[in-house]
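Please examine the sequence and the structure shown here. The briefing that follows is grouped by topic for a reader new to them.

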Amino acid sequence: MLTLKKFEEAYEVVQKVILPTKLVKSDYFSNQTGNTVYFKPENLQLTGAYKIRGAYYKISTLSEEEKAKGLVTASAGNHAQGVAYAAKAYGVNATIVMPTTTPLMKVNRTKNLGAEVILHGDVYDEAAEYANKIAEERGATFVHPFNDLDVAMGQGSIAMEIIKELPTVDYILVPIGGGGLATGISTLCKLLNPKIKVIGVEPAGAACMKRSLEEGQILTLPGVDTIADGTAVKTPGDKIFPYIKENLDGIITVEDQELIGAFLDMLENHKMLVENSGLLTVAALKHLDVEDKKIVSILSGGNMDIITFASMVQNGLIERGRIFTLTIQLPDLPGQLHKVSGIIAEAQGNVIKLEHNQFASLNRNHPVALTVTIESFGIDHKEKIIAALMDAGMDVRETDTRGVY
């Protein structure tokens, strides 16, 4: 049973190792939603995610004999680093099995925290199967990323901190992958103040918990398809599912495209880097049909690799019309390029790249294709620039900007 006494114990234990992540009030999102919005920035936590909480508390529950036999887990991301850090803090050996496709940066970070890293399998499921085999052979403790009640209680320390800092909170939004974090948050909230609504948020392409709750039993999705890789889970945890059924007040699903906008909003308005799974609760704010409420969105992590970061920035700018590419058919005559640039400048657009190939055709009577990438202030400004070019009699066609900027 997950009891208040056990949650209080977990909270005290976890405080020994974590960084304080005080609530951040968001004027931007408060104005956008008509509520008072706060963020719980676990992206600023040790190892860049909340996972250290559950791992550290889990180890505290083990006997000295169990600690001596070490820990084993499988993960390609935040859980790996959380277990590695917590094990090092306790002086316990940890073995982390990571898929062979894990980025080198994450492998090295986990090794640098003192864990033994074994690369096995192409996906998490294969790594987890191998990790369980190692745990059995060694008699070691397997630390599951979410399907463990001790781990869930450690994660629940987040709710204790939120309520201590903001006792009048109305809603808490929590990301859901397998359900460990949502179990800890929702169960503790109901024990402390049943009036607090806890809403889970899943990526639409991996909504295993929503489907399972709808059917009243655990279901396994045939596959997952989402950029929120930290919550890309096909099957919820069976040990925690009863607590989710009893204590969670609802689930919101978010499309991947919404995460791109949320990424830009957090970066530009709060100067915070939040990984895609952590952005779920930011994107969900506009789906919550309430007003004048105090809402806390949990930012579960901030571990995003540079390639993904660059892609999110580019796609976000394109989606909001702040970067776009046009192909303009021009007569092969002197002064045409000057004419185009003049119109764009007059409309306050900024040219950041162009390609003007006069030799694309041998026939000088054929028009020349000018491809130009432009920076604007947004969709309305973009349409104004395109309209100005068309009003000047130009043949304008918008083309794919990705890979151009």
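**Briefing on a predicted model**

Helix α3 passes helix α5 in a right-handed crossing, a crossing being right-handed if the near helix is turned clockwise from the far one by less than a right angle, and left-handed if anticlockwise. The model is predicted, so local features need pLDDT of at least 70 and side-chain atom pairs count only at pLDDT 80 or more, while totals for chains, interfaces and linings use all residues. Residues are numbered from 1 along each chain as its sequence is written, and side-chain values use heavy atoms, with hydrogens and water left out.

**The chain as a whole**

- The protein chain has 17 helices and 14 strands; these are DSSP runs, numbered from the N terminus, with helices (H or I) of at least four residues and strands (E) of at least two.
- Taken along the principal axes, the box filled by the C-alpha atoms of the protein chain is roughly 85 × 50 × 40 Å.
- Of the 405 residues in the protein chain, 54% are buried; buried means under 20% relative accessible area, exposed over 50%, and partly exposed in between, with a 1.4 Å probe and protein chains only.
- The protein chain has an accessible surface of about 18400 Å², and 49% of this surface belongs to carbon and sulfur atoms; accessible areas come from the Shrake-Rupley method with a 1.4 Å probe, and for residues only the protein chains shown count as cover.
- Among contacts between residues at least 6 apart in sequence, 73% join residues at least 24 apart; contact means heavy atoms within 4.5 Å.

**Helices α3 and α5**

- The axes of α3 (residues 51-60) and α5 (residues 78-90) come within 8 Å and cross at roughly 40°; axes are lines fitted to C-alpha atoms, for helices over the stretch in contact, and angles run from 0 to 180 degrees between N-to-C directions.
- α3 and α5 are therefore oblique to each other; angles under 35 degrees count as roughly parallel, over 145 as roughly antiparallel, 65 to 115 as roughly perpendicular and the rest as oblique.
- On the α3 side, the contact is made by Lys 51, Ile 52, Ala 55, Tyr 56, Ile 59 and Ser 60. The residues of α5 in this contact include His 79, Gly 82, Val 83 and Tyr 85.
- By class, the contact of α3 with α5 has 10 nonpolar, 4 polar and 1 charged residues; Ala, Val, Leu, Ile, Met, Phe, Trp, Tyr, Cys and Pro count as nonpolar, Asp, Glu, Lys and Arg as charged, and the others, Gly among them, as polar.

**Helix α9 and its partners**

- Helix α1 (residues 4-14) packs with helix α9 (residues 157-165) at an angle of about 85°, their axes being 9 Å apart. The two helices α1 and α9 are therefore roughly perpendicular to each other.
- Phe 7, Glu 8, Tyr 11 and Val 14 of α1 make this contact with Ser 157, Met 160, Glu 161 and Lys 164 of α9. By class, it has 4 nonpolar, 1 polar and 3 charged residues.
- α9 also packs with helix α10 (residues 180-192), at an angle of about 45° and with axes 7 Å apart. That angle makes α9 oblique to α10, and α9 passes α10 in a right-handed crossing.
- In α9, Ile 158, Ala 159, Met 160 and Ile 163 meet Leu 181, Ile 185, Leu 188, Cys 189 and Leu 192 of α10. This contact of α9 with α10 has 9 nonpolar, no polar and no charged residues.

**Loop residues with positive phi**

- Lys 271 is not a glycine, yet its phi is positive, near 55°. Lys 271 lies in the loop between α13 (256-270) and α14 (280-283) and is exposed, with a relative accessible area of 66%.
- Asp 292, likewise not a glycine, has a positive phi of about 55°. Asp 292 is placed in the loop between α14 and β10 (294-299) and counts as exposed at 69% relative accessibility.

**Two further residues**

- Ala 135 is in helix α7 (residues 124-138) and is buried, with a relative accessible area of 6%. Beyond four places in sequence, Ala 135 touches Val 72, Ala 140 and Phe 142.
- Asp 249 is in the loop between α12 (241-247) and β9 (251-254) and is partly exposed, at 33% relative accessibility.
- Asp 249 and Ile 199 are 50 residues apart in sequence, and their C-alpha atoms are 5.5 Å apart in space. Leaving aside neighbours within four places in sequence, the contacts of Asp 249 include Lys 190, Ile 196 and Ile 199.
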